[in-house]
Amino acid sequence: MEKFSDLERQRHIKLERIRERGIDPYPPRVQRSHTATEAILEFETGKPERDMSLVGRLMSIRAMGRSTFAHIEDGSGRIQIYLRQDALGEEAYEFFKRDFDIGDFIGVTGHLFRTRTGEVTLQVRDFKMLAKSLHPLPEKWHGLKDVETRYRQRYLDLIANEEVREIFVIRARIVSALRRFLDERGFLEVATPVLQPIYGGAAARPFITYHNILDQDLYLRISDELYLKRLIIGGYERVYEIGKDFRNEGVSHKHNPEFTVLEFYQAYADYSDVMEMAEEMVSYVAQEVLGTTCITYQGNEIDLAPPWPRRSLRQAIKEESGIDYQDYPDAQSLYQAVRAIGGNVEPKATRGKLIDALLSNYVEPKLIQPTFLVDYPVEVSPLAKRKPGNSGTVERFEGFAGGMEICNAFTELNDPLDQEERFLAQGRAYEAGDEEAHQMDEDFLIALSYGMPPTGGFGMGIDRLTMLLTDRASIREVILFPHLRTKGQS
RNA sequence: GGGCCGCUAACUCAAGUGGCAGAGUAUCGGCCUUUUAAGCCGAGAGUUGUGGGUUCGAGUCCCGCGCGGCCCA
């Protein structure tokens, strides 16, 4: 056991005193008739008065001799309680004053009244320790600000900072609204493997793990795409999945190694259909969760209502960087062009990586209002269908808002022979040093070769959408337990 | 991976140019029966992230390391 601070020692002494009284400081059951909010509502609406039993964490104590005010907080909110020596008896009143601390969970029974200052308050007739807290809470007025502690001990952040609690309520409502939107349109929610023998569906490096009994390497999925497509092949016309993907790359204010993604696939739809659905979906979620499609993100007013403007990727990059990548058919010449405008890119970057760098550095930060960029180069989109009459370009779009990419979608490639060629090209890119290149997936090719209907597919980062709708600049603010380095025991 | 900034009591923060490590909250003791950042009086509380170095003397200066934040890649 670690060495206790003075404050902790003090609480252990109190814990012992409670036990010496023959009282269990961690009783298994509670008596509760109302939540704090229900109690106040009942009093305000003038229902006949009766005794009620409330529970919660002691958040503040104001002791004034023979009477004490305190606030308790449960999941519904806060309510003030009032303890008087003459109502409780000297013994019980002293017990509360001596051995109850801020942070303890307490059960109280009594009746409601209104104080002189107008606050609905429970006058306590009986109280009970529900769980003794042995570690002092963060300070009541300034709360908890230390970012590292907020992330490492999120429970303290949630206790101390109400607005943080609110973020994760909004996040849950976002996910719930997305499900409602898709369910209402006949989509089937499915679950596909997180552990995969071959990873794919995105350009990223995977986490590798190992199955002991099967003596087999497995990968944590970087995308749900290839399994969801198998379900389209299987005959479901509309499927979606909301779950975690894992990418073995750096952490940043926009990246966490595990993150939550929505993907949906719709047979007999193309990327234009999906685009319309995407803008509808995002504005539906904003309307459902925030009551408006007009939001403020990092000081910018953003209106998410459809339609969102469509710009071609090529045009957007040309306008913002001055480079028309069509003029540079190979990596070498494009590299020279990017360097010529001062772009800091690696010499060994593939043409796709260079185009991606142009997009990320010159275009993405400017896309504050919701925007679709459409029609991507084939080499960065190995799973998307080529545009008719333009074999170098695929029917793909990405949606941006607040200067962030939030979704990615395409008309799915359903030509098994073209798909095989794309995988082979990715294999060559991998050999040339692109560690994020797509793996050859024979099993998926076999599935495709049975025939996949024309299909539109879509993926969206739930974390980023939550950032957008809660006005947070860092992804760590919308993930309850963001990834941090483990702190050494020293 | 690089640059900059931060790490001091349980929490929030102070400690010009190196010179006794402080305050508020919280805690403990005393007074106080309608307070709500309650009030008044008193007390205790620290390996200044960590390991070295310079110095009579280091929270402060130098070097290494750890963790975090922001920016860049």
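**Figure 1. Secondary structure and overall dimensions of chain A.** Chain A contains 15 helices and 19 strands; helices (H or I, at least four residues) and strands (E, at least two) are DSSP runs, numbered from the N terminus. This is a predicted model, in which local features need pLDDT of at least 70 and side-chain atom pairs count only at pLDDT 80 or more, while totals for chains, interfaces and linings use all residues. Residues are numbered from 1 along each chain as its sequence is written, chains are lettered from A and ligands numbered from 1 in the order in which they are written, and side-chain values use heavy atoms, with hydrogens and water left out. The C-alpha trace of chain A spans about 90 × 55 × 50 Å along its principal axes. Of the 490 residues in chain A, 49% are buried; buried means under 20% relative accessible area, exposed over 50%, and partly exposed in between (1.4 Å probe, protein chains only).

**Figure 2. The protein surface near RNA strand B.** RNA strand B is surrounded by 42 residues, and the closest are Lys 14, Arg 84, Thr 117, Lys 140 and Glu 148. A residue is near the strand if one of its heavy atoms lies within 4 Å of it. Of the atoms of RNA strand B that come within 4 Å of the protein, 60% belong to sugar and phosphate. At least two residues of this surface come from each of helix H1 (6-20), strand S1 (52-64), strand S2 (67-74), strand S3 (77-84) and helix H5 (147-152).

**Figure 3. Polar contacts to RNA strand B.** A polar contact is a pair of N or O atoms within 3.5 Å; within protein, one must be able to donate a hydrogen and the other to accept it, and residues adjacent in sequence count only if both atoms are side-chain atoms. A polar side-chain atom of Ser 67 is 3.3 Å from a sugar or linking oxygen of the RNA strand. For Glu 139, a polar backbone atom lies 3.2 Å from a sugar or linking oxygen. A phosphate oxygen of RNA strand B is 2.9 Å from a backbone N or O atom of Asp 146.

**Figure 4. The largest nonpolar core.** A nonpolar core is a set of buried Ala, Val, Leu, Ile, Met, Phe, Trp, Tyr and Cys residues joined through side-chain atoms within 4.5 Å. The largest one has 49 residues, and Leu 262, Leu 304, Phe 397 and Phe 458 have the most contacts inside it. Helix H9 (residues 271-290) gives the most to this core, with 11 residues. A second, separate core has 38 residues, including Leu 313, Ala 337, Ile 355 and Val 394.

**Figure 5. Helix H12 and its cover.** The 13 residues of helix H12 (residues 351-363) should span 18 Å at 1.5 Å a residue, and the end C-alpha atoms are 17 Å apart, which agrees. The expected span is 1.5 Å times one less than the number of residues. Among the buried residues of H12 are Leu 354, Ile 355 and Leu 358. Their cover includes helix H10 (313-321), helix H11 (331-340), strand S15 (371-377) and strand S17 (390-401).

**Figure 6. Asp 471 and its contacts.** Asp 471 lies in the segment after helix H15 (462-470). Asp 471 counts as partly exposed because its relative accessibility is 29%. Not counting residues up to four places away in sequence, Asp 471 touches Thr 296, Tyr 297 and Gln 298; contact means heavy atoms within 4.5 Å. A polar atom of the Asp 471 side chain is 2.6 Å from the backbone nitrogen of Gln 298.
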